[in-house]
Amino acid sequence: MTATSMATAASTTPSVAGEYLTFVLGEESYGIEILKVQEIRGYDTVTKIANTPAFIKGVVNLRGRIVPIVDLRIKFNLGKIEYDEFTVVIILNLGGRVVGIVVDGVSDVMALQQEHIRNVPELVSSIDTQYILGLATVEERMLILVDIERLMGSQEMELLDSVTVH
Amino acid sequence: MSIDMSQFYEVFFDESDELLAEAEHLLLGLDIQSPDMEDLNAIFRAAHSIKGGAATFGMMDMAEITHVLENLLDKIRKQEMALTAEHVDAFLAAKDVLKMQLDGHRLATAVDPEQVADVTMMLKGLSEGVAIAPVPTLTAPVAAPAAVVSAMPPAAPGLTRFCLDLPVLNERDDRNLRDELGLLGSVSQHVLADGRSQWLLDTDSSADDILSICSFVIDVDQMRVSREDMPALEAVAAAAQHDIEVGLEARADTKSKSGVEVQEEVGYGLFETLEQDKVEEGYGFFAPFTPHPDAVVTTMIGDETPLPAAVEAAQRTTRQPEKNTEISTQKSTDKLSDKPVKKDNEKAASTAETTSIRVGVEKVDQLINLVGELVITQAMIEQRIAALDPVQHERLINSAGQLMRNTRDLQEAVMSIRMMPMDFVFSRFPRMVRDLAGKLGKKVELVTQGASTELDKGLIERIVDPLTHLVRNSVDHGIELPEQRRARGKSETGQLTLSAAHKGGSIVIEVTDDGAGLNRERLLAKAQQNGLPVSENMSDAEVYQLIFAPGFSTAEAVTDVSGRGVGMDVVKRNITAMNGTVEIRSVPGLGTTISIALPLTLAILDGMSVSLGSNIYVIPLNLIVETLQPRAQDIKTVTGEGRMVHVRGEYLPIIALHSLFNHDTDITDPTQGVLVLIEAEGRKSALFVDGLVGQQQVVIKSLETNYRRVRGISGATIMGDGSVALILDVPAIIQMGQSHNYITGAAAYASRPPQTKEYTQ
Amino acid sequence: MAKTILTVDDSGSLRAMVAFSLKAAGYQVVEAVDGQDGLSKAKEKTVDLVLTDQNMPIMDGLTLIRQLRGLGSYQKVPILMLTTESSDEMKAKGKAAGANGWLVKPFDPKRLIEVVQKVIG
């Protein structure tokens, strides 16, 4: 995440227009910048890592890369925690670091204009407001735009060595 | 345009490092009585190259000392001075100073100005010292070139008589040379007693022109040209002397040229002024040469331009191309035939080096990673194919087999990119052993074997320190003083052997001395004194391993070199960190061998896969002492300290991996599972897992690339089925097991031995 | 079209410096690590200018110059010697071998470009 986009996210007129991949977590719809998405795949067996929080499912082999898988449903207490052939993993590429997130389902890719996007009121989502870029209304549904890079890099996700978290 | 020169420093540093190492290697190999010319030239060239680079990049301290060094080397190379042991010592000292200066520039380490001054003085002193000229007559012109030049008459109009001293010529060269020179003037020939020729040439051409012409037939370094009116110097074959005389002639010639001749030869007025300017600025153009800002080359030296003699000569020579070819072939054959075979190999090696390219290590590592993936993918295909009907899928199976072979070859080839010969490490020891033996008053002969054995670059760099320590130890404490050796009926000169060899998937590096050997009794006594748990029943190998215990030294006298055992724990730790093992073999009175086994590359690990519930973990094989299925009576529960296992007189704490990692498993009783005895940093533990899966080589992957560090895990690998297995960090596991016993939940297990009846000291 | 210069030097750092400076000045550069390498590179493609070091292993600069002058395609290509020896002796030898000029080491990139531009524009 660049300093500029960081600043705009915090300002009152965020410029977050662009293409978003939307997905469902429980009752809520979320959107993440399509440019941060590497691929979407099914849920494979993971290798459990000792002494980690429950939402870190473990690591998988993604064409030779060892990639951690995070179940956002567990992290945010949303949806039913089941793993079957319909379970979807979004593989993110965040500045070179590859992470997979488990969600309830992927809906669509949407191009959002600035006029679709509103500022974030308090307490609208299960995800802390500091990781929300804005809200968009699409077909009378509210879409929560997540700053996924910031969220995944946060200390609470426990994906980075604590020394590198800031 | 301004260019930041500092961007080239790193290349210069690397290059100088290599040149210094090379020079040292050659110096140590020099036969002082009859030094090899090629070697002297190579040493000279190293100094020369460093001087050039240092001066270019503004490292004047290095330029200064290489300049002095080069002068002295040049005199020896040209046989104006005979090589002595003193010279070699001075050169080695100069190498040390240069290395110090280099590190000073590179790593900002301290440079001792006194040492620099001392060595500079020493080199200067030697350079100005008594010049031992092989032929006395030759020193005269060398010493007083100016006088000779000033004695020369000004360029006379009309003809000049030149005296050409030529090497032994074959018939064809003789004829060609006569034809060529005939174009310049009239030639008369005299053959000297030893077959060489002395020709007289009356011509209006200059010495330069004569040399230009001759250069297309023979090597001009092998001849000399002098004017008849010069004091005749008796021709002596050494090429070095020819250099000087040719220089003298040329000097006289150029002098006159810078005035009148330049004007004559040049068709352009521009040239003269340029020439004058440029000489001052450090460059110049020879006549007739037109510097022209926009002109293309072809118009610059166009048809109207008078061709220089050299080009004319070249044109003539190209009409007989076979002549040149033959000469050069013949020369190189001569050169090779009188060199020992060793030289040929070295030459081949240096040729190989010069055709290499420099590539960033990251690129190579990326390549290695990609091939690693390919190997895994291929293994997955193989697994799936194995399930198919061999008759129905014969062709697919055949193709898969081909893919497997190609993949393996590719992997091997890619891995070899990172490989470097052990010589890279071994080559630093001759000097060290020489200095060390000198200091200690010992006689040591160093023998290296298998220096061409290759090892991963990363490992090569990391093996240097441990090996240095072992070599020091062997010289200091292994090999006895000459009188002791004589008293024991051995030759006064001890032998130290460094060897490297491939054994399976590992490289075995051994340091062997024919010294006193290790003393079992003394080791045991010392261990007891240090409070280490020892018993008389311990095998020799176990006793020898005691020297790797921290702070263990058996040296009777502490010398400034090393105490046997001091730092040996560090040696062992370094080698273990490389996934390697150390073994000691010793026979009292006959010597000691320290044998290091390392994996060929850091990217691959020999591992033991173990199961724990539905998980597979990999344990580095080099850290496994043994595996066992314990009997109930071997397991002891120590109050407050968890369970212990009794193995060969030792009580080892049991670390249950499932508890440590909070994994579910049905096997919670050690007698139902397997105990893997692991050892790191001198501490042993028994790791309790469900079962053994198998031994295999795995490609190490970092967990931190996309995730973070996990305590107890050193990395990950991808198994044949494509799943991920984690590699255990054995030292961390032992530590975790000691800080907390996961079976009983009891606090802090101390490393002291448990007080139980069965325990015997 | 950019002119091509062959730079022959056994010292990697100097070669890197020369190549970088020449490229920065808009020339194409072919690098060779000794006389023999230089000769084979020169044969692969006829260049517009040859800059050669003098003291090199395997084949020295003088020999390279002589060999190049023996090739039909190199009779008119300018050749400059880069040498640490500024003595007249070396210059005379270079000239005898067929060099068109010399440049004394050490030199800075500016000087190098200045000389090269004088020779081939």
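Helices (H or I, at least four residues) and strands (E, at least two) are taken here as DSSP runs, numbered from the N terminus. The model is predicted, and for that reason local features need pLDDT of at least 70 and side-chain atom pairs count only at pLDDT 80 or more, while totals for chains, interfaces and linings use all residues. Residues are numbered from 1 along each chain as its sequence is written, chains are lettered from A and ligands numbered from 1 in the order in which they are written, and side-chain values use heavy atoms, with hydrogens and water left out.

Asp103(B) forms a salt bridge with Lys99(B), with 3.5 Å between the closest N and O atoms, where a salt bridge is a side-chain nitrogen of Lys or Arg within 4 Å of a carboxyl oxygen of Asp or Glu. Asp103(B) counts as buried at 17% relative accessibility, whereas Lys99(B), with a relative accessible area of 26%, is partly exposed; buried means under 20% relative accessible area, exposed over 50%, and partly exposed in between (1.4 Å probe, protein chains only).

In chain A, the side chains of Arg41(A) and Glu39(A) meet in a salt bridge of 3.7 Å, N to O; here Arg41(A) is partly exposed at 25%, while Glu39(A), at 19%, counts as buried. Over all chains the count comes to 39 salt bridges.

Further along chain B, the axes of helix H20 (residues 457–478) and helix H24 (residues 568–577) come within 9 Å and cross at roughly 150 degrees, the axes being lines fitted to C-alpha atoms, for helices over the stretch in contact, and angles running from 0 to 180 degrees between N-to-C directions. Residues of H20(B), including Ile463(B), Pro466(B) and Leu470(B), meet residues of H24(B), among them Met568(B), Val571(B) and Ile575(B), contact meaning heavy atoms within 4.5 Å.

Chain B also contains an open sheet of five strands in the order S7-S9-S10-S12-S11, with mixed pairing; two strands pair if DSSP finds at least two bridges between them. Strand S7 (443–449) and strand S11 (581–587) of chain B stand at the edges with a single partner strand each, so one side of each is left without a neighbour in the sheet. S11(B) and strand S12 (residues 591–599) of chain B run antiparallel and are joined by seven bridges, and Val587(B) stands opposite Gly591(B) in S12(B). Helix H19 (residues 429–440) of chain B lies across S7 and strand S9 (493–503) of chain B, running at about 165 degrees to S7(B).

In chain A, six strands form an open sheet in the order S8-S1-S2-S11-S10-S9, again with mixed pairing. Strand S2 (residues 28–33) and strand S11 (residues 141–146) of chain A run parallel and are joined by three bridges, Leu145(A) in S11(A) being the bridge partner of Gly31(A).
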